[in-house]
Amino acid sequence: MLADLGPSDHSDAGQVSLQSFHTTSILVARRDFAILRCRKEENGCIWIPGASMPPEFEAHRPEIARRKRYVRGRLAASGFHLTPVTGASHMSVLTYVVQMDPAGWIPAALANKIAVRQPLNVSVIRSLFEQSH
């Protein structure tokens with residue numbers, strides 16, 4: 001289960017958030033990610049890149065402090081690129097990229113299950129856009 005604990009800061013420079021992931025398995029520790037995202041619109045396209053906050057910055061942000069019983073994962077790169085389809089109103093192409101290190105030990109079967117489900121995030125984003133229009 002992925003939980004976004006909400007933005008702690010939002011400005012033109014970016015948004016800092018703490019996201020958590022946990023399974024029902026007692027064998028796998030909970031994970032959290034301190035993420036910095038920004039949004040840029042250019043030529044009708046929307047870019048939303050993100051990456052983990054460097055550990056030296058985490059220490060200065062109490063709202064993303066490390067928590068007991070959580071392993072802090074690293075998000076090397078992630079993002080969305082939304083491009084409108086020329087000549088087709090209300091249609092866009094969405095590109096989703098994620099590269100992360102969940103840190104610590106995760107059974108291979110569970111890691112593979114999570115990896116296979118990552119593309120489903122695109123369908124969640126599609127549903128959000130459809131609901132907003």
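Here is a chat about salt bridges and a few backbone angles in a predicted model.

Visitor: How many salt bridges are there in this one?
Guide: The count comes to 8 salt bridges in this predicted model.

Visitor: Okay, let's pick Glu 58. What does Glu 58 form with Arg 66?
Guide: Those two form a salt bridge, and their closest N and O atoms are 3.4 Å apart.

Visitor: Are they buried or exposed?
Guide: One of each. Glu 58 has a relative accessible area of 5%, so it is buried. Arg 66 comes in at 54% relative accessibility, so Arg 66 counts as exposed.

Visitor: And how do the side chains of Arg 72 and Glu 58 meet?
Guide: They meet in a salt bridge too, at 3.0 Å from N to O. That pair links distant parts of the chain: Arg 72 sits in strand 6 and Glu 58 in helix 1, 14 residues apart.

Visitor: Is Arg 72 buried or exposed?
Guide: Arg 72 is buried, and Glu 58 is as well.

Visitor: What about Arg 74 and Glu 58?
Guide: Their side chains meet in a salt bridge, with 3.7 Å from N to O.

Visitor: Why does Arg 74 count as partly exposed?
Guide: Because its relative accessibility is 29%, and partly exposed covers the range between under 20% for buried and over 50% for exposed.

Visitor: Which residues end up in one network with Glu 58?
Guide: Salt bridges that share partners join Glu 58 with Asp 32, Arg 66, Arg 67, Arg 72 and Arg 74.

Visitor: Got it. Where is Arg 69 found?
Guide: Arg 69 is in the loop between helix 1 (55-58) and strand 6 (70-72). With 75% relative accessibility, Arg 69 counts as exposed.

Visitor: And what is the phi of Ala 103?
Guide: Ala 103 has a phi near 65°, again a positive value in a residue other than glycine.

Visitor: Where is Ala 103, and is it buried or exposed?
Guide: Ala 103 is in the loop between strand 8 (92-101) and helix 2 (108-117). Its relative accessibility is 18%, so Ala 103 counts as buried.

Methods: Residues are numbered from 1 along each chain as its sequence is written. This is a predicted model: local features need pLDDT of at least 70, side-chain atom pairs count only at pLDDT 80 or more; totals for chains, interfaces and linings use all residues. Side-chain values use heavy atoms; hydrogens and water are left out. Helices (H or I, at least four residues) and strands (E, at least two) are DSSP runs, numbered from the N terminus. Buried means under 20% relative accessible area, exposed over 50%, partly exposed in between (1.4 Å probe, protein chains only). A salt bridge is a side-chain nitrogen of Lys or Arg within 4 Å of a carboxyl oxygen of Asp or Glu.
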